[in-house]
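Biologist: Hi! Please walk me through this structure, starting with the words you'll be using.

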Amino acid sequence: MHRRSLIAATLVAFTAALAGCAPRWRVVTQASPDTFVGQRYFGLMPIDFVDLRVGDLPEDMYLARKDSDEHRQFVSDKASVDEEFAKTLIETAKDHGIDVAQVSDPRSAPYVLRPYVSYMNPGFYAVASSSPSQIILTLRITTSDGKVLDEVQLSSRTASPNPSTSLSRADADKLKPGGRWREDARIIGETVSSYLASRVSP
């Protein structure tokens, strides 16, 4: 399937899931029987942004339209997405009795969380119209040697607040694409912890 068609199909699937009572993730594959029952430790690799599309454009084409300051800001925003995702996942996983630790070497943990972000949309706010940001993240849980056991897709959208209203510091951050993406990353991080809990303690 063409990559743009795959992203479109993913968006449709998430819209349908959010409209009903389905979990906040889409299962691509799961190990059966459940390999993770009773498992309390997972390693976490940094987010891989391989083949990223930003809106309708591949990342390189998106950045080609930006000036040097905007280019640097986008690189910084991607780093903050990784940081917020990891921080939230680690903190909320503890609430489920699960220890998630960032690792650079996948061989240091029996099971490894490998997140991939394939799609980011900055969204926008205007008086006449607005559109939320969006991040689509694929999570693969693998053995230390890279064998994929589980794969799920997750998505989050964050609307920009109305800048003419009184805003908290957190809401004011969402006026910028980076702030909306950080909120998406936090939501997805919390959802991943819930997914892990569903596999560790089904």
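Modeller: Happy to. Helices here are DSSP runs of H or I with at least four residues, strands are runs of E with at least two, and both are numbered from the N terminus. Keep in mind that this is a predicted model.

Biologist: How many helices and strands are there in the protein chain?

Modeller: The chain has 5 helices and 10 strands.

Biologist: And what share of the 202 residues is buried?

Modeller: Buried residues account for 47% of the 202. As for how the chain comes together, take the contacts between residues at least 6 apart in sequence: 72% of them join residues at least 24 apart.

Biologist: Let's talk loops. Where is D51 found?

Modeller: D51 sits in the loop between β2 and β3, the latter being residues 53-54. D51 has a positive phi of about 55 degrees, although this residue is not a glycine.

Biologist: Is D51 buried or exposed?

Modeller: Exposed, because its relative accessibility is 53% and the cut-off for exposed is over 50%.

Biologist: Which peptide bond is cis?

Modeller: The one from S32 to P33 is cis, with omega near 5 degrees. P33 belongs to the loop between β1 (26-29) and β2.

Biologist: Switching to rings. How many aromatic pairs does a search of the whole structure find?

Modeller: That search gives 6 aromatic pairs. One of them is F42 with Y111, a tilted pair with 6.3 Å centre to centre and 40 degrees between the planes. This pair links distant parts of the chain, with F42 in strand β2 (residues 41-44) and Y111 in strand β6 (residues 111-121).

Biologist: How far apart are Y111 and F42, in sequence and in space?

Modeller: In sequence they are 69 residues apart, while their C-alpha atoms are 5.4 Å apart in space.

Biologist: Why do F42 and Y111 count as buried?

Modeller: The cut-off for buried is under 20% relative accessible area. F42 has 0% relative accessibility, so F42 counts as buried. Y111 has 16%, so Y111 counts as buried too.

Biologist: What is Y111 in contact with, leaving aside its neighbours within four places in sequence?

Modeller: Its partners are T35, F36, Q39, F42, G43, I141, T142 and L149. F36 also comes up in the ring pairs, which link F36, F42 and Y111 into a cluster.

Biologist: Now the helices. At what angle do α3 and α5 pack?

Modeller: Helix α3 (residues 68-94) and helix α5 (residues 177-200) pack at about 30 degrees, with their axes 7 Å apart. Angles under 35 degrees count as roughly parallel, so α3 and α5 are roughly parallel to each other. The crossing of α3 past α5 is right-handed.

Biologist: Which residues make the contact?

Modeller: From α3, they include F74, D77, V81, F85 and L89, and from α5, W181, R182, A185, I188 and L196 are among them. By type, the residues of the α3 contact with α5 divide into 10 nonpolar, 6 polar and 5 charged.

Biologist: Are F74 and W181 buried or exposed?

Modeller: Both are buried.

Methods. Residues are numbered from 1 along each chain as its sequence is written. This is a predicted model: local features need pLDDT of at least 70, side-chain atom pairs count only at pLDDT 80 or more; totals for chains, interfaces and linings use all residues. Side-chain values use heavy atoms; hydrogens and water are left out. Axes are lines fitted to C-alpha atoms, for helices over the stretch in contact, and angles run from 0 to 180 degrees between N-to-C directions. Angles under 35 degrees count as roughly parallel, over 145 as roughly antiparallel, 65 to 115 as roughly perpendicular and the rest as oblique. A crossing is left-handed if the near helix is turned anticlockwise from the far one by less than a right angle, and right-handed if clockwise. Contact means heavy atoms within 4.5 Å. Ala, Val, Leu, Ile, Met, Phe, Trp, Tyr, Cys and Pro count as nonpolar, Asp, Glu, Lys and Arg as charged, and the others, Gly among them, as polar. Rings of Phe, Tyr and Trp (its six-membered ring) pair if their centres lie within 6.5 Å; planes under 30 degrees apart count as stacked, over 60 as edge-to-face and the rest as tilted. Buried means under 20% relative accessible area, exposed over 50%, partly exposed in between (1.4 Å probe, protein chains only).
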